[in-house]
Amino acid sequence: MEVLRSRNAEVGLSSRGYASVYRQFNFPGVDQDREELLSACLDRLTALKEIEDKLAKDARTEEVMEAARAAELKHSLGVPSKGDGRLDQIFKDESTHFLLRVSLSKTNEQRDFFLKTESNLLASRLGQAGSEAVLSVLEDFPDMSIEVVKRAEMVELQVDLDAVARGPRRSPGSAGTLYYKVAFNLVPYHVAARRVLVRSGYAYVPENYLIDILVSQFRSSLSKSLADIAKTSAFMAQHQSFGPLLAEIQNHYYAIASEGHAKTSTLARGDLKRAELRNSDVPAGVPLCMANLMNKLKDSHHLKHGGRMQLGLFLKSCGLTMEESLSFWKGADE
């Protein structure tokens, strides 16, 4: 990792905080041990799953941010503000993000998972980094124009700004609150909720909304990137070096996705594969509804479409890969 020491100037990082929007990979040509990289990817994936679990409980924004910070600390994803290990950690952060981006772009479910969890992880990091770091990161979006509202203009619009701030669930900004002027189409949700003042095509955004703007831009950029990568996912899966690594990441994704189902069932990942379903009884721990479908399939070698859909989703939640699931259905039709 010594080669990273010379890349500090290229990356252009602030010592106050770290929050990347991953517009490009900043460390091309740097070698990394495959096992270390895979381990780091799985740690990040597990942390993202913990964030998703919090989102699934309809938690408040503050609770989600707290969960994201806790997951980042638990799995050592954070980047130190200074020290010799800072560039090494940034390299690991960028490498794991882009590998997960490629690996989790195949299906709508995977893309949605990655998009919402990475966006919340970024929001958590920005909240700790401060407004200066947010403005610095906004520079990575060249099409986005943002400027500080001048004092004279602030005085002229003060009455209207205070009227907007006194809206539902809001409080007037203090005398020292800074406002930024951006194109109104960049903050559609805030405009729709009447949280910002709109004049002559510009939205006057208070400083505490900057993170929302940046996360919105990040989501839009990442969503487009995932859609583009999905078109080449089959080619990447066949790559000699990346193919096995991406397959390991996807297997871990399905494993952690099935953990929620395992809490209500004694059937763990791997049990279904070892049961040799073609020639044996239904494994212990299978819910009665699924056991009934399996018995009918075993007796008649046929299920209606709805039953096949239900049983197929159950097999997926238990951790069977696509190949294992296809093998099961082929055996059931014999």
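Trainee: How many residues line the second largest pocket, and which lie nearest its centre?

Mentor: Rolling a probe the size of a water molecule over the atoms shows where empty space is left. On a 1 Å grid over the protein atoms alone, a pocket is an open set of points where a 1.4 Å probe fits, with protein on both sides within 12 Å along at least five of seven lines; lining residues have an atom within 4 Å of a point. Here 23 residues line the second largest pocket, and K106, Q250, Y254, M322 and E323 lie nearest its centre. Its space is about 640 Å³. This is a predicted model: local features need pLDDT of at least 70, side-chain atom pairs count only at pLDDT 80 or more, and totals for chains, interfaces and linings use all residues. Residues are numbered from 1 along each chain as its sequence is written, and side-chain values use heavy atoms, leaving out hydrogens and water.

Trainee: Which element gives the most to that lining?

Mentor: Helices are DSSP runs of H or I with at least four residues, numbered from the N terminus. For the second largest pocket, α11 gives the most, six residues.

Trainee: Where is pLDDT below 50?

Mentor: pLDDT is the predictor's confidence in each residue, from 0 to 100. Where it is low, the predicted coordinates should not be read in detail. The chain has a mean pLDDT of 78, yet residues 1-16 are below 50, and residues 261-271 stay under 50.

How values were computed: Contact means heavy atoms within 4.5 Å. Grid points are joined across faces, edges and corners, and a volume is the space filled by probe spheres set on the points. Helices (H or I, at least four residues) and strands (E, at least two) are DSSP runs, numbered from the N terminus.
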